[in-house]
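Please have the chain on screen and follow along.

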Amino acid sequence: MTASATVRVMSPEEIASRAGGETPYLHWPARATVFAEREMRLRQLARGHAMEDYLGFLAQIAHEQQLALGSFPSVPLPDAQTIDRAAHAGLPPLPAADWPRDPAWRDVAKSMAGALVEQAPEGAHAVLVRIASADDVFLERQADVLLHGLSTGLDLATAPVIGAALQVYWTHLLLATHDLHQNKGQPFGRIDDETVCPCCGSLPTASITRSAGESLGQRFLHCSVCNLQWHMVRIKCTHCLSTKSLAYQSLSAAADAGDSAAATAKVQAETCDDCGSYLKIVHSDRDPFVDPVADDVASLTLDLLVSEAGLLRHGVNFMLLFGDPGGGEPPPAHPPFERGR
């Protein structure tokens, strides 16, 4: 496979004219289907993939996430005063790094790990048993490391499951808070930093272009924690907001496929020479079943090619973390659960 940077991108004016109206700022996850749709996409991508076992394992995690979200217990939510204070300060009302986590999220992590033991690849069994029997201190420390974006102290092997439990918790917080306050006004809106989630302040996993309705052709960033998507105009760096030095890299289906393959690629890396970062963008008009999290993992080769050029990834995917838990040099990229093999 080769990388290509030539692709036609619609101008902001053309995107707006095609959209035919004002673009909604937020796109909400559906409680009944958000993780179920991810599970289906992961299973679709797994067939014949070099990472088939790992993608299948992630599909099992997504299945458990959907079950957990559907039966999540009542937990404390922000009141109107908390939401107003955050809005006036230009901050997210449910900050992942600072919100006092309810113990319910730990119960989800343990129950998910227990349910996955019999289905998961053999190399993951010991890790899952460790999570299912972990004490509160270990789980809370790992949650702090993940949500603060740290590498020191990170247990890479447990990150996919612990991160999955945190995603369930924050997706529930997002939807429950929206339901509680929507009659009093939208509890979530624009914040001062448009590069992070307006609900929880987390980095995006990737961005996705929409292909229907008022969002036709528009780009939304997908939160790595609560699954909320927020609008950001295209041809704009998601890290430094530059509009000057962007390029689009993609994997060609064959070495001689040329630029036509790049122009129709469902997953691209949007790179910025100004800040030296990149974030993937998935296109639902080229494949209606793309999922920012699933397709991000399945296109790991694109990360490797772009990183060879010295670009740093802007964004987080708990299912695709790299780094050395001891704080040293990052090891070669690989699915985290394989560390237990």
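How do α2 and α3 run relative to each other, roughly parallel or roughly antiparallel?

Entry 1, the source. I am reading a predicted model, where local features need pLDDT of at least 70, side-chain atom pairs count only at pLDDT 80 or more, and totals for chains, interfaces and linings use all residues. Residues are numbered from 1 along each chain as its sequence is written, and side-chain values use heavy atoms, without hydrogens and water.

I found helix α2 at residues 34–46 and helix α3 at residues 52–70, packed at an angle of about 165° with axes 8 Å apart. Helices here are DSSP runs (H or I, at least four residues), and axes are lines fitted to C-alpha atoms over the stretch in contact, with angles from 0 to 180 degrees between N-to-C directions. α2 and α3 are therefore roughly antiparallel to each other (an angle over 145 degrees).

Contact means heavy atoms within 4.5 Å. Among the residues making it are F35 and L42 of α2 and L55 and L69 of α3. I noted 11 nonpolar, 5 polar and 4 charged residues in this contact (Ala, Val, Leu, Ile, Met, Phe, Trp, Tyr, Cys and Pro count as nonpolar, Asp, Glu, Lys and Arg as charged, the others, Gly among them, as polar).

R38, L42, L58 and V293 are among its lining residues. α2, α3 and α10 (292–298) each give two or more residues to this lining, and α3 gives the most, with 4 residues. By class, the lining has 8 nonpolar, 1 polar and 1 charged residues.

Note on methods: Angles under 35 degrees count as roughly parallel, over 145 as roughly antiparallel, 65 to 115 as roughly perpendicular and the rest as oblique. On a 1 Å grid over the protein atoms alone, a cavity is a set of points where a 1.4 Å probe fits but cannot get out, and a pocket is an open set with protein on both sides within 12 Å along at least five of seven lines; lining residues have an atom within 4 Å of a point.
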